[in-house]
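Me: I would like to learn how to read a few features of a model. Could we take them one at a time?

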Amino acid sequence: MKHHITLHSNILTILCLSATIQGCADLEAVGQFAQGAKALSEASEIFYDNSLESDRQLARLSVDLAAANNSPECQKKDGSTLSPWDCAVRGENLLSETRRNRAAVAALAQYAQSLHEIATLDEDAEVEKAARELSGNLSNIATTLDISANSQESALAGAISNVAKIYIDLKARHSVYEKAKHAQEPVDEIIKTLKNDIKRQQQRISIGRINAKATREEWFNAFRKDYQNPNTPPASKAALAIAAGHLVEDELLDQVAEQPNKHLLASLERSADSCLQAHAAIQNPDIGEQAETVKHFVHDAKNLLSSVKRLTD
Amino acid sequence: MPTTSESILDDLSTIIADLGAIREKVTDSIDRSAINNQIKALTKWWRAIDDERAEHSNAELDEAKSALEKITRDLKVEKKKLASVAVVIHRAAQAIAIAERVAKALA
């Protein structure tokens with residue numbers, strides 16, 4: 001009899017505990033955060049590719065065949081001077097930096113995915129199966145020892161699986177909140193770096209445009225001058241006209257790309273900011289109204305990714 | 001505030017942007033050409049300094065990435081532990097079954 005009273009009171013405790021836990025914040029926000037981080041990481045991959053592309057354009061239009069062998073901008077910090085060719089094609093440092101920083105943003109997405117996986121850990125079926133097995137075996141031993149007054153196997157199985165589920169749930173929540181708190185500093189640093197890179201890319205695009213316009217205008221005028229020279233043969237005139245046409249086309253193409261690129265960078269910056277806010281929000285078990293912050297991040301990151309894809313298609 | 005590669009790049013890009021704005025207002029072809037050449041020269045410097053800047057790895061970022069990767073590994077271990085709860089219950093069931101066989105043998 002005492003055994004049954006204990007069992008019933010245990011089940012009651014479990015039911016009460018279940019009700020309390022359901023009142024806590026759900027872990028859906030963590031899943032949303034992971035979705036947003038994945039979108040941000042994908043978009044940043046394209047962003048870093050674009051940064052290298054901008055640098056290549058800048059390099060192409062900065063080629064200076066008239067520069068002296070030891071021109072000052074080709075000097076290194078140690079006093080040595082790069083050859084004119086090495087100076088013109090340098091870009092490895094930016095390439096390495098881009099790889100490093102892109103990998104850091106990818107690590108952020110991996111981390112968010114692991115948070116998501118633990119938050120949505122679903123072991124219910126396995127736990128129930130094992131609990132039924134345990135309950136059946138307990139019932140058998142009770143019968144063998146002749147201490148079973150009536151059948152409580154199903155209640156016992158339910159109780160055990162509830163306890164196990166609650167344990168998993170509590171541990172999962174604990175891990176998510178604890179790890180997210182520890183991760184705040186590295187996440188801050190990675191987002192700070194991404195924002196610095198966005199700022200640098202904004203500058204690169206801006207000065208790249210101004211420089212391209214200046215360079216093309218100078219080349220155009222040089223072509224024009226030669227074209228108008230009465231000694232220029234017709235075939236050379238045709239070649240000059242074709243080359244000048246390409247300059248004009250490239251300039252207009254750049255003008256078309258300017259606005260979408262600026263829009264993309266602004267959108268990436270917005271997503272980076274909302275990523276930080278969302279990460280701070282998911283550390284709070286009583287997320288409440290802050291759940292909106294996470295939703296904003298997902299919204300920003302998804303918009304960002306779709307505009308990135310439109311731009312690159 | 002100490003002068004850093006970043007601050008030089010910021011200053012240079014401001015000057016280039018200013019020159020770009022002035023150029024748009026200049027109609028004299030010689031003046032315009034002079035401004036264009038200034039822009040080209042400054043842009044070359046900007047790129048050279050940007051290259052120098054990118055040469056040095058960012059220790060804070062490397063540390064942040066390693067810390068995040070460690071947390072990710074910890075989370076994976078935690079997930080494995082949680083997934084083994086069913087295994088623990090199953091082992092308990094097997095222990096009870098053995099106990100029952102022992103009890104039967106003794107009866």
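Reply: Start with what an element is: helices are DSSP runs of at least four residues, numbered from the N terminus. This is a predicted model. In chain A, A:Leu264 has its place in helix H7, residues 234-281.

Me: How many helices and strands does chain A have?

Reply: Chain A has 8 helices and 0 strands. From the N terminus on, the elements run α-α-α-α-α-α-α-α.

Me: Is A:Leu264 buried or exposed?

Reply: The general idea is a count of neighbours: a residue is buried if 20 or more other C-beta atoms lie within 10 Å of its own. A:Leu264 counts as buried because it has 23 C-beta neighbours inside 10 Å. Across chain A, buried residues make up 35% of the 313 residues.

Me: Which residues does A:Leu264 touch, not counting those up to four places away in sequence?

Reply: A:Leu264 touches A:Ser307, A:Val308 and A:Leu311. As for contacts in chain A between residues at least 6 apart in sequence, 83% join residues at least 24 apart. By contrast, take A:Leu264 and A:Ser139: they are 125 residues apart along the chain, and their C-alpha atoms are separated by 65 Å.

Me: How should I read the contact between the chains?

Reply: The size of an interface is often given as the accessible area lost when the parts come together. Here the description is by residues: the contact takes 60 from chain A and 50 from chain B. On the side of chain A that touches chain B, helices H2, H4, H5 and H6 of chain A each give two or more residues. H6(A) gives the most, with 23 residues. By class, that side of chain A has 29 nonpolar, 16 polar and 15 charged residues.

Key. Residues numbered from 1 in each chain as written. Chains lettered and ligands numbered in written order. Predicted model: local features only at pLDDT ≥ 70, side-chain atom pairs only at ≥ 80, totals over all residues. Buried ≥ 20, exposed ≤ 12 C-beta atoms within 10 Å, placed from the backbone. Contact = placed C-beta atoms within 7 Å. Nonpolar A, V, L, I, M, F, W, Y, C, P; charged D, E, K, R; others polar.
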